[in-house]
Amino acid sequence: MLQGAIWYTLAGFGALCRAAQVPLATSHAGPQLSGSAGKASDKGRLLPFDKPHYATGYLPVDHDHDALADWGLHDPPNVNSTSHLVFETVSSLLQHWPNTRMRNGHNIVPGTIPPGTLLYHGTWHSDLPPGPEWTATDPEHSMLFCRNTVGENGCWHLTLMTTRTLKVVYFDGSSAAKIPFGSMDTQDIIAWGAVRPDWAYEEGDRIKALCEWGREYGVDGFVRMEMDFEVMLCDFTSGVRIVSSLLLAKPGTSSKASSLFEVMYAGSWHNRYPGESRIRLDLSGLISFYDTELAPSLVPARFGKERWDHRLLNISEVDLARARARLEEFLSGPADRSSSGIDWLTLIRVVVDRYSERLEFVRYLLNSTSPDAADSDSTIDVAVKTQVQLRNMLAPYILFDVIPPSTVFKTEERESDELDWVRPVFRLCATTHTGMLEGSTMTSAEKLLLDAVQGTTREICRVVTKMWGLGVLAGVDQSMGTDRKPDAGTIQNMTKTWKKDIDELMAWLDWNAWVKCRPACGPEEMCYLTTWPIGFPKRNRPRPPKNRDPVPPSLSHPLDNDAPVPTRPPRGDGLPHGEPAEDWERPQPRCVRRIDPYTI
């Protein structure tokens with residue numbers, strides 16, 4: 001540590017001396033991460049930032065290049081960067097809240113379900129399903145589909161338990177929402193080999209096609225989400241055993257709205273991290289369509305669009321084939337395949353836990369008073385309190401020799417010149433979590449995750465360090481001063497800059513942790529996002545052409561056996577849709593009643 005501190009002293013001093021002569025680098029090719037056979041190289045990847053990735057935690061010795069020139073405080077991410085999108089979607093895996101809000105999933109992830117896990121199936125007869133069918137992870141969900149044959153009372157409900165580890169594939173987003181607006185795109189390319197919005201309602205054909213595709217790779221089922229999580233189970237006679245097959249009493253006088261709410265409520269148990277914990281994901285096999293190396297054709301397709309509107313509709317055939325091949329290669333490999341062993345979900349969670357509430361609190365402080373307020377004492381007080389929070393975030397990275405200039409001269413140089421002294425703090429903050437990670441054993445998915453964490457932490461640290469440095473220079477830092485005395489006009493202008501910086505950073509990150517009901521809901525309420533199918537436009541289901549069979553030709557034999565199955569009873573009135581909610585396209589949090597009359 002002493003050697004590193006001495007080195008930083010010399011490097012920081014040299015950087016300050018050369019700052020006026022050396023221009024900021026606009027691009028820099030970092031070293032390639034070597035990998036074993038079968039590992040994807042980083043050649044051609046659109047990096048989230050034009051920046052070097054060093055393999056050590058210290059600044060590199062470079063006598064011909066300013067070691068801090070690549071750490072400018074005014075260099076935002078590339079406009080096509082997806083590091084924050086990979087970071088947030090992976091951070092949200094198997095969580096109901098964020099995948100309800102942003103329903104168009106972009107990840108396909110291999111996973112497992114451990115032995116001893118209960119699955120539930122609502123049906124209309126006592127027989128075991130002879131082919132692929134849907135199961136729920138919570139009985140409130142499956143009981144919604146519990147019925148009976150004509151002339152019977154009650155309804156049939158099947159409970160299963162896994163007897164071995166089930167191999168599954170997870171589609172994120174609201175992937176069981178049967179709408180043609182993008183929520184089913186990722187499974188379309190597996191089931192049909194193309195994105196087919198016009199086949200959104202062909203669920204029977206879909207499950208058969210998915211199971212037929214997965215048969216070669218030993219896939220037992222597929223995990224999706226709508227009101228709650230479900231498992232599309234390919235074979236009810238393999239890997240599961242019957243716990244019970246019960247003829248349950250029909251719900252008493254409860255309305256259909258009550259049953260629907262209970263499903264929504266069960267889904268809310270998995271709203272936040274860790275989400276649906278009965279599914280175990282293997283991120284070393286992650287397929288992300290925010291990977292600009294894997295699917296470069298989607299970069300121009302989503303340019304200028306809000307995240308709500310991102311989907312796979314314009315993916316090229318080449319990119320689609322590449323994604324399928326990568327998934328199939330991973331599923332074909334041994335269970336003990338080599339990877340880095342890094343717990344990526346935990347690493348991402350560490351970053352979220354470290355910054356989420358603090359950034360939100362900084363925004364709260366800055367919004368607690370108007371920067372144009374006439375009360376200068378109030379403005380200075382808010383600035384001092386905000387500076388404390390900024391310093392707290394950066395405290396592990398502020399070296400003893402990071403000292404602001406005693407006098408800042410006004411020149412025609414860029415504003416970044418007066419913040420050169422904080423670059424070592426920026427560099428340390430941005431690289432501490434990932435600077436020592438070795439890429440030689442990483443899969444292509446892990447290298448993508450490394451880029452995502454690096455890109456996300458870099459932008460957080462860039463903005464926070466810049467804000468903190470400006471506060472020091474303005475004289476509002478109680479631990480580090482300059483010869484400047486707080487000036488109300490200067491601080492008002494700085495506060496405006498701070499608000500702009502924090503708002504832009506949080507909008508770029510768009511973390512689901514900040515999406516909540518304000519004020520908090522009461523004890524008879526639940527915070528809720530409009531969830532399919534409630535509040536969505538009533539579907540106009542297209543009638544498929546008579547000569548069209550969506551099941552691929554590879555389905556050479558039916559998955560269903562010849563066992564007789566009782567005739568399915570009529571579904572009645574179906575799920576109530578009602579009038580479309582105003583926010584069905586872009587769900588916003590609101591409080592709804594947990595008791596009659598329900599307001600979902």
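Modeller: Start with the contacts (a contact means heavy atoms within 4.5 Å). In the protein chain, residues 24 or more positions apart account for 82% of the contacts with a separation of 6 or more. This is a predicted model, where local features need pLDDT of at least 70, side-chain atom pairs count only at pLDDT 80 or more, and totals for chains, interfaces and linings use all residues. Residues are numbered from 1 along each chain as its sequence is written, and side-chain values use heavy atoms, with hydrogens and water left out.

The protein chain has 14 helices and 12 strands. Both are DSSP runs numbered from the N terminus: helices are H or I with at least four residues, strands are E with at least two. The chain has 600 residues, and 54% of them count as buried. Buried means under 20% relative accessible area, exposed over 50%, and partly exposed in between (1.4 Å probe, protein chains only).

Next, confidence. pLDDT is the predictor's confidence in each residue, from 0 to 100. Its average over the protein chain is 84, and 78% of the residues score at least 70. Residues 1-65 have a pLDDT below 50; in the model this stretch has 121 contacts beyond near neighbours in sequence. Residues 407-416 are also below 50, with 11 such contacts. Where pLDDT is low, the predicted coordinates should not be read in detail.

Now the disulfides. The rule is a pair of cysteine sulfur atoms within 2.5 Å. By this rule there are five. Counting bonded cysteines along the chain, the pattern is 1-2, 3-4, 5-6, 7-9, 8-10.

Cys146 bonds to Cys155, with the sulfur atoms 2.1 Å apart. The S-S torsion of Cys146 and Cys155 is about 105 degrees, so this disulfide is right-handed. Cys146 and Cys155 are both buried.

Cys429 and Cys461 are joined at 2.0 Å, S to S. The S-S torsion of Cys429 and Cys461 is about -65 degrees, which makes this disulfide left-handed. Cys429 sits in helix H12 and Cys461 in helix H13, so the bond ties together parts that are 32 residues apart in sequence. Cys429 is buried at 1% relative accessibility. Cys461 is buried too, at 0%.

Cys521 and Cys591 are linked at 2.1 Å, S to S. Their S-S torsion is about -95 degrees, so this disulfide is left-handed. Cys521 lies in the loop between helix H14 (488-509) and strand E11 (525-528), while Cys591 lies in strand E12 (residues 590-593); the pair therefore ties together parts 70 residues apart in sequence. Cys521 is partly exposed at 23% relative accessibility. Cys591 is partly exposed at 29%.

Go back to H12 and H13. Gly439 is in the loop between helix H12 (423-431) and helix H13 (444-474). At 3% relative accessibility, Gly439 is buried. Gly439 and Leu450 are 11 residues apart in sequence and 8.7 Å apart in space, C-alpha to C-alpha.

H13 also matters for the cores. A nonpolar core is a set of buried Ala, Val, Leu, Ile, Met, Phe, Trp, Tyr and Cys residues joined through side-chain atoms within 4.5 Å. The largest one has 82 residues, and those with the most contacts inside it are Tyr355, Leu359, Trp421, Trp468, Trp498 and Trp511. H13 gives the most to this core, with 16 residues. A second, separate core has 31 residues, including Ile108, Val169, Trp199 and Trp213.

H13 and H14 also cover another helix. Nine of the nine residues of helix H2 (residues 83-91) are buried, so H2 is largely enclosed by the rest of the structure. The cover over the buried residues of H2 includes H13, H14, strand E1 (107-113), strand E10 (287-288) and helix H10 (344-367).

Last, E11 and E12. The buried residues of H7 pack against both strands, and against helix H3 (96-101) and helix H4 (139-142). Among those buried residues are Leu260, Phe261, Val263 and Met264.
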